Amino acid sequence: MNKFLPLFLFAFSLGAAEEDFRYFQLLTPPEKTDAARLNAITLTPEVIFLLGNSNDLRVYSPAGDELPFQREPRNKAGKFTAFVRVPSVAESFDVHSGTAVTILDLTTDAPVGRVVIETPEQNFEKRVSIHGFDGKSWKILCENRMFFDRNPRFPIANRAFDFPEGQWKKLKVEIANYGENYVSPLRKVTEGSASGVIEEKEVFFRELRISAMETYRKEQGITTTPVLQEYVPSSVDVRTNADARTTEVHFPAGKLPVVRLALRADGVNFSREARLFAENGKEEAHVYLERIALEGYANESLEFSLPELQLGKAKLVIYNKDNPPLTGLSVRLLVPEFRLLTLPGTVPEKLRFVSAGLPPGEYDLWRTLARLETAALDCNEYKPGAVEENSAFSGRRKTGDLDGKTVFTVVASLLALVLGIFCIRGFSRLSAGEEK
């Protein structure tokens with residue numbers, strides 16, 4: 001029995017060594033360090049891209065000692081703007097020379113800076129002007145703004161009208177038609193279309209059914225948002241399929257927890273439907289990408305949010321239909337920024353990551369830092385260097401690298417074996433005594 005115990009203890013005394021990790025980064029300390037401060041190491045997107053497990057990493061001192069660390073997201077305080085509805089009542093409605101005029105009575109003294117016109121109609125173009133009455137006279141707030149919806153033909157629309165906020169007694173909303181010889185600037189959105197664009201008079205002169213007019217004011221607040229860092233894929237493969245009338249953008253996203261995707265494209269005045277697919281073929285997003293700059297209306301929407309998705313080898317499919325393919329396409333991925341915190345007085349020198357199956361490091365540092373607002377603390381910020389491959393990486397999992405369940409199983413088996421040996425020996429001695 002005594003021969004097995006040292007061997008057992010030796011098997012579990014093996015820790016993570018240099019050859020256990022495939023990659024490493026050298027850490028550069030700041031010019032001045034404060035021994036009383038925590039140390040912080042930012043995980044770069046290049047590291048997260050390679051990590052199959054976010055805990056598959058270790059921090060080492062210059063002496064090669066493993067340093068306990070705590071992993072946490074980096075957050076920041078920021079402002080947000082929301083639109084809050086302001087009560088209003090439609091006081092009157094009339095039509096003058098083809099212009100629909102609605103008077104809105106504002107029932108409170110709250111400032112107003114936006115009007116949204118709701119209608120179930122599609123495929124129309126009108127123009128909107130808004131005037132404010134302060135109790136003495138009417139003042140122009142916005143004039144001849146584009147009010148349109150070109151669905152289902154093109155996925156573009158505008159129903160919201162912003163103007164400088166002010167306190168008004170009433171608002172006058174005028175919806176007018178364009179003239180007989182009007183040439184829509186939305187033609188620019190489909191410029192170069194093979195089939196051409198022929199505008200029907202119905203688009204400009206149809207009568208609309210207005211379901212509601214809502215008034216809003218801006219409200220700003222303070223919120224905590226995650227700090228994001230940008231990752232540009234090492235390679236982007238753009239493929240245009242003339243038969244399918246699509247353009248596919250293929251790019252590697254690895255294990256990155258992507259929270260936002262940003263597309264770059266040349267040109268202006270375009271609108272395209274697009275779908276994002278992960279490596280497993282699952283559709284993860286259905287969006288409309290556009291960049292429009294017209295007189296009276298401008299909008300750019302080439303980014304969209306994702307719920308921290310690991311996409312692997314991803315594909316963005318852009319549906320061109322009869323429009324020319326977009327050019328100059330590239331992709332940027334935005335991921336949350338994480339950092340590793342080590343105790344004051346320690347000196348982190350290397351970050352090693354991607355092992356051959358080591359279990360996560362088990363540290364109790366979180367107990368020490370649990371009562372601290374670490375996000376508000378000044379830390380010694382260590383700068384990670386380039387990702388380098390470890391030439392000593394063995395690629396094999398050591399026999400001593402066992403998780404808790406395996407350790408329990410092994411210990412229980414050894415105890416059962418020892419108990420069995422004692423039972424057998426006791427029974428043999430008892431049998432021998434009976435024979436004597």
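Two strands pair if DSSP finds at least two bridges between them, and the strands themselves (E, at least two residues) are DSSP runs numbered from the N terminus. The model is predicted, so local features need pLDDT of at least 70 and side-chain atom pairs count only at pLDDT 80 or more, while totals for chains, interfaces and linings use all residues. Residues are numbered from 1 along each chain as its sequence is written, and side-chain values use heavy atoms, with hydrogens and water left out.

**The four-stranded sheet**

- Four strands form an open sheet in the order E6-E15-E9-E13, and their pairing is antiparallel.
- Strand E6 (75-86) and E13 stand at the edges with a single partner strand each, so one side of each is left without a neighbour in the sheet.
- Neighbouring strands of this sheet are turned by 30° against each other on average, direction ignored, where the axes are lines fitted to C-alpha atoms and angles run from 0 to 180 degrees between N-to-C directions.
- Within this sheet, E6 pairs with strand E15 (residues 212-226) in the antiparallel sense over 12 bridges.

**The six-stranded sheet**

- A further open sheet, of six strands, has the order E17-E18-E24-E20-E21-E22, again with antiparallel pairing.
- Its edge strands are E17 and strand E22 (297-301), each of which pairs on one side only, and the twist averages 25° from one strand to the next.
- Strand E17 (residues 237-241) is joined to E18 by five bridges, the two running antiparallel, and the bridge partner of Arg 239 in E18 is Glu 248.
- In the hairpin of E17 and E18, which has four residues between the strands, Arg 245 takes a positive phi near 55°.
- On the E24 side, seven bridges join E18 to strand E24 (residues 313-319), and these strands also run antiparallel; Thr 246 has Tyr 319 as its bridge partner in E24, while Val 249 stands opposite Leu 316 in E24.
- Five of the seven residues of strand E18 (residues 246-252) are buried, so this strand is largely enclosed by the rest of the structure; buried means under 20% relative accessible area, exposed over 50% and partly exposed in between, with a 1.4 Å probe and protein chains only.

**Aromatic pairs**

- Rings of Phe, Tyr and Trp (its six-membered ring) pair if their centres lie within 6.5 Å, with planes under 30 degrees apart counting as stacked, over 60 as edge-to-face and the rest as tilted; by this rule the count comes to seven aromatic pairs.
- One of them is the tilted pair of Phe 133 and Trp 138, at 5.1 Å centre to centre and with 40° between the planes.
- Phe 133 is buried, with a relative accessible area of 18%, whereas Trp 138 is partly exposed, with a relative accessible area of 35%.
- Phe 147 and Phe 161 form an edge-to-face pair, 5.8 Å centre to centre and with 75° between the planes.
- Phe 147 lies in strand E11 (residues 138-149) and Phe 161 in strand E13 (residues 160-166), so the pair ties together parts that are 14 residues apart in sequence.
- Both Phe 147 and Phe 161 are buried, and ring pairs link Phe 124, Phe 147 and Phe 161 into a cluster.

**Charges over rings**

- A charge sits over a ring if NZ of Lys or CZ of Arg is within 6 Å of the ring centre and within 35 degrees of the ring normal.
- The charged end of Lys 172 sits over the ring of Trp 138, 5.0 Å from its centre, and that of Arg 352 sits over the ring of Phe 24, 5.3 Å from its centre.
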